[in-house]
Each structure stands twice: as structure tokens, then as C-alpha cells.
Amino acid sequence: RGRHDAPLTLVEYGDFECPFCSRATGSIRDVHDHFGDDLRYVFRHLPLDHEHPHARVAAEASEAAAAQGRFWEMHDHLFAHSDALSRDEIYEHAARLGLDMDRFDEDLRVGRYRHRVEDDELDAETGDVSGTPTFYLGATGSDLLRHTGPFDAATLIRRLEEFGGSDPA
């Protein structure tokens, strides 16, 4: 979300069924509102299958929506309905968003975007990320640093400002 060449980057490893990730969406929205075009937000999948049985299909569904140019709409919708992520409910969400349902169904049935989710999981494993949400932040184009501690908007804004971000007002 945001410009590819924005000066600041915030990466989240998340799980659509994780209640902490759902709560973080408000913080992320506030951080994005604060920095505007100076922030690039990247969402990476880390479905925690042992705790969240619907997270993997939700992740694949978001990627199927991305193939139709609707990733962020699906992302927001899934987090807004993180307590309703059964396969049938995900299909209902996709229909509400106006996705091509034949294409969406085929993409999920054949696992067309499974590799995309698995790639994010491998990256998380390489970075020793095992929980959600996990954030990395910093200046775009440089090594991002893992954020530890609270993930409220004020804390994330303060940390990003340390990398040269400033209040756009």
C-alpha cells in the first residue's frame, strides 16, 4: 500500500485470523494517514495453522483477489471479518467484493497462489519470525529493522520518524 518508492517502509507479517493482527489494522491505518505518500506498507503472510485453522485459505484468497486487482479490498475485508473465515464465508466475502467468482473458485481449488503464501512463510522462517503480528520498519532501500514492543500507531510513527520520516503537515 503506498508508493513503491516511498522513503519509508513498514512490513507486517500477519495472519488474517489473528486477533492481534486485526487490532493492528487500525494502527497501520493511522500510521499511513500520518505519513501519506511517504510510507509504503507491505503485508506478508504468516498463517499460524496450529492456532488459526482458516488463516491459510484466507491468505490464498487474498492472493486470488490480488490477481483481480483487489488485494487491499480483500485484506481489509478479511480483517474486518476475522471471525468469519470458513471457506464458505470467504466465498461470500469475495462475492461481496464483486470478484469474478469462477476465476476465484478455480484459483483456490487448484492452489494457484499457495506458493506465494509459502514464499512469505519461508522468508519469515529465515528471519526467525514465528508470531503475528511481526513488524519490520525503516528507510526504503536499506535494511529494515525488526520492531519489538508495542505496535500502537504512536509508537510506530515515532520509530519511523527516527528513519527520517517527518510529519507531512
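This is a predicted model: local features need pLDDT of at least 70, side-chain atom pairs count only at pLDDT 80 or more; totals for chains, interfaces and linings use all residues.
1. Ground rules: local features need pLDDT of at least 70 and side-chain atom pairs count only at pLDDT 80 or more, while totals for chains, interfaces and linings use all residues. Residues are numbered from 1 along each chain as its sequence is written, and side-chain values use heavy atoms, with hydrogens and water left out.

2. Strand 3 has pairing partners (pairing takes at least two DSSP bridges between two strands). With strand 1 (residues 8–14) the sense is antiparallel, over six bridges, and T9 has G138 as its bridge partner. With strand 4 (residues 145–147) there are three bridges, again antiparallel, and L137 stands opposite L145. Five residues separate strands 3 and 4 in a hairpin, where G141 in the turn has a positive phi of about 95°.

3. On to the nonpolar cores (sets of buried Ala, Val, Leu, Ile, Met, Phe, Trp, Tyr and Cys joined through side-chain atoms within 4.5 Å). The largest has 36 residues, and L10, V31, M74, I90 and F104 have the most contacts inside it. A second, separate core of seven residues includes V11 and Y136.

4. What gives the most to the lining of the largest pocket? Strand 2 does, with five residues.

Notes
Helices (H or I, at least four residues) and strands (E, at least two) are DSSP runs, numbered from the N terminus. Buried means under 20% relative accessible area, exposed over 50%, partly exposed in between (1.4 Å probe, protein chains only).
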